[in-house]
Amino acid sequence: MNTGKKPYKSRTIGDHELAPETLMMGYAFSPELSEGSLKPPIFQTSTFVFQSAEEGKAFFELAYGLREKEEAEEIGLIYSRINNPNLEVLEDRLAVWDKAEKSLVFASGMAAISTSLWAYLRPGDVLVHSEPIYGGSEYLIHNILPEFGVTRIGFNAEDGAKGMDAAMKKARHHVAENGSRVGAIFLETPANPTNGLVDIAHARELSDSLLNNGHRPPVMVDNTFLGPLWQTPTDHGGDLTITSLTKYVGGHSDLIAGSSSGSLEMIGPVQVMRTILGTIGDPQTGWMLLRSLETLKLRMEASTEGARKVAAYLNSHEKISAVWYLDYLPNTHPDREVFERQCLAPGSTFSFEVKGGEAEAFRVLNALQLIKLAVSLGGTETLASHPAAMTHSDVPPADRERLGIKDSLIRLSVGVEKPEDLIADLAQALETI
Ligand SMILES: Cc1ncc(COP(=O)(O)O)c(C=O)c1O
């Protein structure tokens with residue numbers, strides 16, 4: 001995996017640039033190095049044998065940043081908490097989709113989020129972040145980071161650029177009063193579960209304006225809902241693209257993993273933190289993700305087409321008061337412009353409100369026959385859940401109300417079934433209210 005020139009890492013044929021979906025079949029893996037195996041074997045090993053003590057020394061020098069890399073030299077394989085061939089191939093392929101210099105794979109989306117934040121935040125720092133965010137991220141930012149001296153200042157995605165500006169003004173004030181700094185800007189867009197959008201380019205402008213003594217807070221973007229196909233944060237100034245690979249990338253609801261991608265400079269501290277915290281993914285899961293990547297584009301296109309049909313059905317249903325699907329953003333809504341500039345498609349996860357409250361929403365959920373009642377999203381099968389009582393139950397009720405996570409809200413992740421079958425299931429379930 002680490003020998004000199006690597007033709008299997010070419011992304012072109014002559015002048016012709018190969019598309020990401022094509023590269024997912026073979027890029028960054030050489031059958032020659034693995035007994036001619038078409039697919040990468042699973043490197044189920046904790047450690048790697050050095051050819052000589054000098055080689056071991058050279059690998060450690062690079063892994064611990066004790067010297068600069070020589071031309072064409074790469075960090076050799078040392079130990080599977082530092083890296084592993086399955087994950088190296090996977091990281092190279094994820095970096096293609098994320099348009100990043102380097103991707104890192106983690107044991108979960110939360111491992112990717114927490115390790116990225118630990119790499120940049122220090123006691124006394126302010127973390128500016130969008131709301132709502134996934135319940136686990138919310139718990140980390142709300143309950144755990146304050147115990148380590150990090151102050152959080154959130155803004156509601158629904159309030160657009162104005163909300164972000166107001167949060168940044170508060171942050172500057174806090175920084176001036178306490179002689180501290182903004183350590184990072186964390187965005188989740190579209191937001192879980194409301195699909196509120198956050199303008200990544202605007203966050204980057206604010207980050208640039210905070211450049212001080214060589215320190216600029218990185219803009220970290222949780223890209224799970226639309227990534228990697230329908231939104232590329234690096235195109236808009238995002239520094240770290242964070243993804244729960246558990247969702248669309250894994251795509252079959254059978255694994256847990258995450259990734260963080262960015263420039264070599266930005267990802268460096270995250271890689272050190274991953275090695276020390278031990279939050280790297282495992283080879284078996286890495287192998288499954290390589291398999292999933294081969295059909296990623298097909299699955300995401302199919303589920304988006306299905307979601308468009310299901311959303312259209314729900315949007316015309318008399319017992320439904322709102323459908324939060326990105327295609328339906330009115331032209332007058334500030335998110336419409338952000339959507340058109342930042343996203344390529346609306347994806348397949350969205351929420352809708354039934355007329356009534358929790359009782360009505362529960363009746364619909366309990367009556368579903370084909371669609372499974374489960375949290376998570378991005379799988380081949382369609383899932384429905386109740387954010388207020390499930391993924392976001394930890395968010396204080398007043399905040400839930402403010403952020404639009406109502407008791408009448410049902411979240412749907414549309415899979416790749418025939419859309420008409422999903423509509424038939426929803427139709428009979430909605431008859432119960
Ligand atoms: C938007 C978002 N980010 C992060 C996560 C966490 O990912 P994982 O469950 O892989 O840790 C989730 C999980 O639901 C999510 O929806």
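**Ligand shell, helix packing and an open sheet**

Ser108, Gly109, Tyr134, Ser244 and Thr246 come nearest to the ligand among the 15 residues around it. The model is a predicted one. Sorted by class, the shell around the ligand contains 9 polar, 4 nonpolar and 2 charged residues.

Helix α3, spanning residues 85-98, packs against helix α9, residues 283-293, with the axes 8 Å apart and at an angle of about 35 degrees. The crossing of α3 past α9 is left-handed. On the α3 side, the contact is made by Asn86, Leu87, Val89, Leu90 and Arg93; on the α9 side, Pro283, Gly286, Trp287, Leu289, Leu290 and Leu293 take part. The contact of these two helices comprises 8 nonpolar residues, 2 polar residues and 1 charged residue.

An open sheet is formed by 5 strands, arranged in the order β10-β11-β14-β13-β12 with mixed pairing. The edge positions are held by β10 (320-323) and β12 (372-373); each has a single partner strand, so one side of each lacks a neighbour in the sheet. β10 pairs with β11 (residues 349-354) in the antiparallel sense, over 3 bridges. Within this pairing, valine 323 has phenylalanine 352 of β11 as its bridge partner.

Notes:
Residues are numbered from 1 along each chain as its sequence is written. This is a predicted model: local features need pLDDT of at least 70, side-chain atom pairs count only at pLDDT 80 or more; totals for chains, interfaces and linings use all residues. Two strands pair if DSSP finds at least two bridges between them. Helices (H or I, at least four residues) and strands (E, at least two) are DSSP runs, numbered from the N terminus. Axes are lines fitted to C-alpha atoms, for helices over the stretch in contact, and angles run from 0 to 180 degrees between N-to-C directions. A crossing is left-handed if the near helix is turned anticlockwise from the far one by less than a right angle, and right-handed if clockwise. Two residues are in contact if their C-beta atoms, placed from the backbone, lie within 7 Å. Ala, Val, Leu, Ile, Met, Phe, Trp, Tyr, Cys and Pro count as nonpolar, Asp, Glu, Lys and Arg as charged, and the others, Gly among them, as polar. A residue is near a molecule or strand if its C-beta atom, placed from the backbone, lies within 6 Å of it.
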